Amino acid sequence: MPAPRTVRRGLACLAFAGITWGTTGAAVDIVHRSSDFGPMAVSFWRFLSGVTLLLAARALRPARTTPGAPQPVRRRALLFAGTGIGLAVFQTAYFAAVQDTGLAVGTIVTLGAAPVFTATGGRLFLGERIGRAGLLAVGGALTGLAILVLGNQAGAVHPVGVGTALLSAAGYAVSNILGRWTGRHGAGEDPSTLTVWSFAGGAAVMLPFAWSEGLVPHTAHPGQVLLLMLYVATVTAALAYPLYFAGAAVVRAATASVVMLIEPVGAAALAVLLLGERLTAATVVGTVLMLTAIAGLAVAESRQGAKS
């Protein structure tokens with residue numbers, strides 16, 4: 001197991017990433033409202049801008065490699081491709097979910113389902129067991145999701161938006177598990193390198209879709225859209241993702257997902273305070289149940305980690 005100091009730093013990195021990511025949906029939602037920019041175009045420009053900023057930073061200060069034996073080219077290529085595709089699915093499907101069913105519900109479903117998918121993937125591919133308490137937490141999260149989706153009146157929660165949020169959660173789980181696998185097996189990739197190649201892969205994947213959707217937005221507020229996109233690319237991408245991968249490399253996969261629950265809480269608050277969204281009783285009950293259940297998953301993961 002990693003040294004406690006390393007774990008604490010990893011948790012701090014994840015917490016910072018979660019706080020900044022909690023603002024991403026609000027920024028992108030304002031972009032959607034202010035222009036005809038679609039989720040695929042936003043995702044493409046976020047990836048491309050993030051790569052550009054990270055490469056500029058690396059030119060000034062080359063990234064250090066993580067100790068470990070060099071990995072075969074094929075394994076590195078699969079790692080970068082898998083992480084890039086996972087991030088592309090996570091990010092684009094999330095933006096689409098926010099556009100369809102709102103910031104609060106889209107974020108809550110995505111980040112509520114992500115620990116369930118991550119815990120399952122961690123068990124299947126990394127051998128990380130969560131025990132009975134973890135299984136109960138997963139069941140509680142699914143129950144909360146069902147209340148959130150089925151307990152609202154028609155129109156309050158859109159099924160298509162929920163579906164894309166679940167797809168986003170699956171993409172998040174893939175990138176989370178690959179990040180943890182990298183740290184466990186000493187793949188020799190520092191967080192900056194992993195982020196650069198993952199963003200490059202995500203941009204390549206999203207380019208044809210963004211092209212068909214429209215790469216240049218039409219808006220009456222070009223300055224506002226530009227500033228928001230710069231914020232999304234700089235703070236929530238180029239800065240937050242390397243910190244996320246650094247934390248994911250030393251923290252158990254499901255625990256990392258639990259820490260990232262900072263994001264849906266912050267996003268829900270911004271949705272109500274800034275965007276005028278209303279939270280129904282079913283949404284509140286489902287959200288509380290999901291967060292409580294996944295907090296239980298954090299406890300289960302901590303106990304399991306103490307035994308490792």
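## Salt bridge, aromatic pairs and core of an all-helix chain

The count of salt bridges, meaning a side-chain nitrogen of Lys or Arg within 4 Å of a carboxyl oxygen of Asp or Glu, comes to 1. This is a predicted model, in which local features need pLDDT of at least 70, side-chain atom pairs count only at pLDDT 80 or more, and totals for chains, interfaces and linings use all residues. Residues are numbered from 1 along each chain as its sequence is written, and side-chain values use heavy atoms, with hydrogens and water left out.

The salt bridge joins the side chains of Asp-29 and Arg-33, at 2.8 Å from N to O. Both residues lie in helix 1, 4 residues apart, which is about one turn of the helix. Helix 1 covers residues 4-34; helices here are DSSP runs of H or I with at least four residues, strands are runs of E with at least two, and both are numbered from the N terminus. Asp-29 counts as buried because its relative accessibility is 7%, while Arg-33 is exposed, with a relative accessible area of 54%. Buried means under 20% relative accessible area, exposed over 50%, and partly exposed in between, with a 1.4 Å probe and protein chains only. Leaving aside residues up to four places away in sequence, Asp-29 touches Val-98 and Leu-275, where contact means heavy atoms within 4.5 Å.

The protein chain as a whole has 11 helices and 0 strands. Of its 308 residues, 50% are buried. Among contacts with a separation of 6 or more, 93% are between residues 24 or more positions apart. The accessible surface, from the Shrake-Rupley method with a 1.4 Å probe and, for residues, only the protein chains shown as cover, is about 13800 Å², and 69% of that belongs to carbon and sulfur atoms.

The search for aromatic pairs finds 10 in the whole structure. Rings of Phe, Tyr and Trp (its six-membered ring) pair if their centres lie within 6.5 Å; planes under 30 degrees apart count as stacked, over 60 as edge-to-face and the rest as tilted. Two of the pairs are listed here.

| Pair | Centre to centre | Angle between planes | Type |
|---|---|---|---|
| Phe-80 and Trp-197 | 5.5 Å | 15 degrees | stacked |
| Tyr-172 and Tyr-244 | 6.2 Å | 45 degrees | tilted |

Phe-80 lies in helix 3 and Trp-197 in helix 7 (residues 191-213), so this pair ties together parts that are 117 residues apart in sequence. Phe-80 is buried at 8% relative accessibility, whereas Trp-197 is partly exposed at 47%. Tyr-172 in helix 6 (residues 159-185) and Tyr-244 in helix 8 are 72 residues apart, and both are buried. Tyr-172 and Tyr-244 also belong to one aromatic cluster with Trp-21, Phe-47, Phe-90, Phe-199 and Tyr-241.

The largest nonpolar core has 65 residues, and those with the most contacts inside it are Leu-103, Phe-199, Tyr-241, Tyr-244 and Met-260. Helix 8 (residues 222-248) gives the largest share of this core, 11 residues. Such a core is a set of buried Ala, Val, Leu, Ile, Met, Phe, Trp, Tyr and Cys residues joined through side-chain atoms within 4.5 Å. Phe-199 touches residues including Phe-47, Leu-54, Leu-87 and Tyr-241.

On the surface, Ile-85, Val-205 and Phe-209 form a nonpolar patch with about 250 Å² of accessible area together. Ile-85 is in helix 3 (residues 73-101) and counts as partly exposed at 46% relative accessibility. Patches are made of residues with over 30% relative accessible area and no salt bridge: like charges are joined within 9 Å, and nonpolar side chains (Val, Leu, Ile, Met, Phe, Trp, Tyr) within 5 Å.
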